Amino acid sequence: MSKKIGVIIFPGSNCDHDAYHAMKSVMGAETEFLWHKESDLSGIDLLLIPGGFSYGDYLRSGAIARFSPIMNAVVDFAKKGGPVMGICNGFQILLEAGLLPGAMLHNEKLRFICKDVHVRVERSDSIFTSRLSKGDVLRLPVSHGEGNYFIDDAGLDSLKQNDQVLFRYTDAEGKITEDSNINGSVDSIAGIVNRQGNVLGMMPHPERAMEKTLGSEDGKVLFESLFSELQIA
Amino acid sequence: MSTKTIKEPEVTLDLAIEHGLNEEEFEKIKEFLGRTPTFTELGVYSVMWSEHCSYKNSILEIKKLPREGEQLLVDAGEENAGLVDIGDGLACAFKIESHNHPSAVEPYQGAATGVGGIHRDIFTMGARPVASLNSLRFGSMDNPRVRYLLDGVVRGISDYGNSFGVPVVGGEIYFDEAYEGNPLVNAMSVGIVKHGETASAIAEGIGNPVLIVGASTGRDGIHGATFASEEISEESEAKRPSVQVGDPFTEKLLLEASLEALKTGAIVGLQDMGAAGITSSSSEMTARGGEGMTLDLDKVPMREKGMSAYELLLSESQERMLIVAEKGREQEIIDVFEKWDLNAVVIGEVVEGDKLTYLKDGEVKAEIPADSLVLGGGAPQYEREATRPKYLDEVQNADLSAFNHPKDHNEILHKLLKSPNIASKRWVHEQYDTTVRTNTVNGPGASDSGVIRIKGSNRGLAVKTDCNGRYVYLNPRRGGQIAVAEAARNVVCSGAKPVAISNCLNFGNPYKPEVYWTFKEALGGMGDACRALSTPVTGGNVSLYNENPKGAIFPTPVIGMLGIVDDIENHVMTPGFKNKHDIVYYLGAKRRGLGGSEYLKAIHNATTGDAPELDLDFEVTLQNVLLEAIREGKVNAAHDISDGGIITTLSEMAIFSGVGANVSVKELNGSIYDVLYSEAQSGVVVTVPREEARALEHFLDSKDLPYEELGAVGGSRLIIDEFVDQSVVDLKESYESAIPKAMSQ
């Protein structure tokens with residue numbers, strides 16, 4: 001039986017169509033939208049929480065979305081080891097829901113940032129990066145106002161001990177510089193996984209870098225890794 | 001009919017004048033009604049007959065613009081936006097609109113709601129917005145108030161557009177003292193819809209229910225349309241309550257719910273509530289359908305208590321729409337809006353007759369023939385007195401040879417690259433989401449126009465906003481021609497065929513004969529160019545009364561150009577140099593005349609001379625030949641020559657790619673100042689691989705298009721004869737750092 005990918009739509013999600021297109025048209029996988037009021041995730045093998053401004057994000061990014069009916073099901077799905085990928089606002093929602101540690105602050109310079117950045121792959125033994133090598137550098141777009149990842153010292157130690165940092169902002173050569181940390185994130189963190197390694201949150205948008213026509217295909221390899229690990233399509 | 005309550009003031013000529021109407025108009029209203037209007041009716045007429053809604057002082061000139069074209073699917077002005085056939089069973093709805101006055105007093109909300117309003121115009125037609133652009137004008141960046149306005153406007157566009165989820169793919173920003181105190185904020189939205197799935201802004205079918213959907217109605221933005229129709233003055237600050245407040249989240253829900261509701265097939269017509277809210281949507285839809293409408297204002301979901309009929313009708317609360325449903329199917333629509341947690345309430349119905357009737361507290365508060373309110377119906381249309389401005393002789397005859405030109409071209413070049421009109425706008429663009437919806441092929445910045453691909457098609461769209469107000473000021477007719485010609489050239493440089501325009505006509509007070517003359521001339525020029533280039537006008541917006549206490553702004557008819565890329569994989573062109581050893585060519589008209597140039601402004605602080613030269617026939621040839629060359633893969637980079645002249649064009653091609661070039665401009669006969677800095681029209685720089693250079697020359701010869709070989713790409717420096725020798729890194733530093741530095745003051 002072919003595997004199925006679910007893309008959750010919250011009110012205010014605006015990368016839902018992009019994620020759907022990336023999975024369905026570019027990767028050729030069976031994909032369906034999941035409305036936030038649903039609570040049944042049976043038949044879903046991979047969950048994508050797309051970017052956007054859930055509920056307008058007037059309070060704090062993701063702070064209201066975590067109370068949506070579907071989030072209980074998402075937590076159960078994740079706890080049972082189901083793979084979940086939260087991109088941008090999806091990452092913020094996963095933090096608010098407690099599936100990943102830490103919190104998001106406004107970008108250090110208090111302005112929205114949309115541009116291509118470089119991230120260094122810190123692990124190649126995760127299901128999201130198995131087709132990559134440690135130290136590889138990807139060029140991916142970011143587009144966020146609240147991407148300044150924060151975690152306290154104890155939390156950071158724990159992240160490092162458990163090897164949970166998957167991506168860091170770097171320059172094109174993979175070096176961390178003053179300018180490469182675009183939003184002021186603790187330890188230049190751009191993406192992390194949970195301890196079990198099945199939940200990923202990342203600020204850059206791999207789904208926006210899947211086609212040559214649009215300038216970069218670097219995002220595709222994450223899904224290729226994931227698809228081969230999960231034997232999708 | 002007893003409609004007066006104790007609170008309502010007596011309707012007199014003085015009150016009408018206070019509402020922005022004149023005596024003649026007040027008499028006309030009495031004639032239409034056969035009696036003195038009620039207070040509510042006076043409010044309704046005053047907004048509908050404001051310049052903003054009625055175009056009363058501009059429509060007679062606008063009608064002279066060419067509006068015919070094979071690809072146009074609706075006539076200009078007939079629906080909320082123009083609709084153009086783009087092939088593959090798809091159509092493009094696009095429009096540009098101003099939000100100048102609100103942005104002058106409240107830049108953040110003014111700009112944000114400008115973005116919201118224009119997107120609503122697009123999805124009201126059933127089209128999903130896929131790209132947005134803007135065109136901004138401010139005073140000098142040395143003025144802290146200007147930096148405050150720029151910051152607020154950019155944040156407003158950013159917060160609203162990013163949340164709504166439509167990428168900004170292009171735009172332009174100019175700074176000049178002429179816009180001090182009266183910035184221009186024009187926003188454009190581009191949407192795509194399948195043929196046969198478009199919606200119409202019509203109310204018809206007696207007995208069909210009328211629904212208000214979306215946000216609740218509050219007291220914000222009352223008389224916004226009237227405010228937009230008067231000059232900015234020192235008292236304008238007190239009009240801040242006339243500025244609407246935006247909520248992009250609700251707009252996003254409204255978008256999704258509207259498109260989903262349209263799919264039910266239960267919608268007869270819908271219109272967004274922009275200026276003059278319930279009044280304009282109900283009267284325009286009703287006038288189009290030719291029947292009547294009765295609305296019970298008590299049923300309107302309200303944000304605050306105790307709102308009067310007058311306030312409800314004139315409120316410009318954002319993120320609302322009026323829908324006429326098929327009788328008996330209204331619940332299907334309500335269900336969709338409820339799914340998206342939005343209001344959808346039946347507030348009235350389409351009725352026999354021709355009257356619009358508004359009820360409140362069980363009383364008739366207004367009863368008006370719908371047709372008497374609207375453009376094309378009873379709304380007044382004026383031809384104003386026109387006088388050629390005296391300053392024109394002075395500037396056009398100015399002796400430009402009297403300027404003492406500085407000797408060091410390297411220094412001039414750096415000054416030009418640092419001029420905020422030329423310098424990189426990255427500081428602005430990076431605050432906008434430019435890649436959401438995963439269609440952006442060329443974003444803002446390093447390209448002559450924004451290019452998006454169309455999913456499910458091999459085609460793409462190239463879009464551009466353009467106008468050099470300085471040219472229009474110096475020569476209104478030619479300036480109008482150039483605005484269109486340059487926008488089209490930009491689109492061609494990206495590999496697209498220009499097909500149609502939308503326009504946003506920003507001018508001063510039309511009651512001033514010199515302003516009105518300029519308006520007429522500039523539109524005449526636009527019409528000339530639109531006819532020559534076969535790019536009809538699909539619609540747009542007029543913003544008059546753009547003045548500050550010192551006088552009118554530069555006349556600024558901003559063009560929103562739509563072009564079609566036939567083959568998105570192979571035809572898209574960018575301006576950056578590609579490979580070392582590529583040959584650099586100049587194609588086009590003679591480089592001569594410094595009138596209106598950025599060189600004169602940045603180096604001599606002068607806005608004078610005649611507008612740059614333009615021969616429309618030659619322009620058409622150049623664009624056709626260039627497009628053919630791009631489509632056939634005969635060039636690998638193309639960049640239009642505009643602000644700053646060929647020297648900045650070459651610099652930008654180097655800066656965008658990080659690669660230098662060694663060129664000579666000596667074959668472009670003329671004074672070196674003319675050659676390097678003239679903004680003469682119809683000129684582009686292209687590059688081609690060395691081994692294909694002869695083939696390009698043969699092609700250009702066969703088309704009789706003048707060209708010159710300038711040199712070759714390569715190295716880390718830009719070298720232009722003995723005049724310029726600069727490292728690309730240094731050029732980039734000047735180009736990139738100017739605006740961030742100014743904004744960090």
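In which strand of chain B is the place of B:Arg128? In this predicted model, B:Arg128 belongs to strand β3 of chain B, a strand that covers residues 128-138. The residue has a relative accessibility of 15% and is therefore classed as buried, the cut-off for that class being under 20%. Beyond its neighbours within four places in sequence, B:Arg128 touches a set of residues of chain B, namely B:Val190, B:Gly191, B:Ile192, B:Leu255, B:Glu256, B:Leu259 and B:Arg437, and it is also in contact with A:His17 of the other chain. With one of these residues, B:Glu256, the contact is polar and runs from side chain to side chain at 2.9 Å. The C-alpha atom of B:Arg128 is also separated by 9.8 Å from that of B:Ser189, although the two residues are 61 residues apart along the chain.

Chain B contributes 34 residues to the contact between the chains, and chain A contributes 27 residues. The area buried between them comes to about 2,500 Å², with 52% of this area given by carbon and sulfur atoms. On the side of chain B, the residues that lose the most area to chain A are B:Phe249, B:Glu430 and B:Thr438, which together account for 22% of what that side buries.

Polar interactions across the interface include 17 residue pairs in polar contact, with both residues of each pair at pLDDT 80 or more, and four salt bridges are found between chain B and chain A. A salt bridge joins the side chains of B:Asp433 and A:Arg208, with a nitrogen-to-oxygen distance of 2.9 Å. Among the elements of chain B that each supply at least two residues to the side touching chain A are the helices α8 (144-164), α10 (248-264) and α13 (330-339), together with the strand β13 (440-442). The largest share of that side, six residues, is supplied by α8 of chain B. Sorted by class, the side of chain B that touches chain A holds 14 charged residues, along with 10 polar and 10 nonpolar ones.

The two chains may next be described one at a time. The secondary structure of chain A consists of five helices and 11 strands, and its C-alpha trace spans about 45 × 35 × 35 Å along the principal axes.

For chain B, the secondary structure comprises 25 helices and 27 strands, while the C-alpha trace extends over about 85 × 55 × 45 Å along its principal axes. A compact globule with 745 residues would have a radius of gyration near 27 Å, and the 26 Å of chain B agrees with this. Of the residues in chain B, 67% count as buried, and 85% of the contacts between residues at least 6 apart in sequence join residues at least 24 apart.

A:Ser188 is not a glycine, yet it has a positive phi of about 60 degrees. This residue is placed in the loop of chain A between β9 (165-170) and β10 (189-193), and its relative accessible area of 5% is under 20%, so that A:Ser188 counts as buried. In chain B, a positive phi of about 60 degrees is likewise found at B:Ser682, again a residue that is not a glycine. B:Ser682 is located in the loop between α23 (672-677) and β24 (683-688), where its relative accessibility of 1% makes it a buried residue.

A further residue of chain B, B:Asn548, is part of strand β18, which covers residues 547-548. With 9% relative accessibility, B:Asn548 is counted as buried. The side chain of B:Asn548 has a polar atom at 2.4 Å from the backbone oxygen of B:Glu180, and a polar atom of this side chain also lies 2.8 Å from the backbone nitrogen of B:Lys550.

Methods: Residues numbered from 1 in each chain as written. Chains lettered and ligands numbered in written order. Predicted model: local features only at pLDDT ≥ 70, side-chain atom pairs only at ≥ 80, totals over all residues. Heavy atoms only, no water. Helix = DSSP H or I, 4+ residues; strand = E, 2+ residues; numbered from the N terminus. Buried < 20%, exposed > 50% of the residue type's maximum accessible area, 1.4 Å probe, protein only. Contact = heavy atoms within 4.5 Å. Polar contact = N/O pair within 3.5 Å; in protein donor to acceptor, adjacent residues only side chain to side chain. Buried area = accessible area lost by both parts, 1.4 Å probe. Nonpolar A, V, L, I, M, F, W, Y, C, P; charged D, E, K, R; others polar. Rg over C-alpha atoms; globule rule 2.2 N^0.38 Å.
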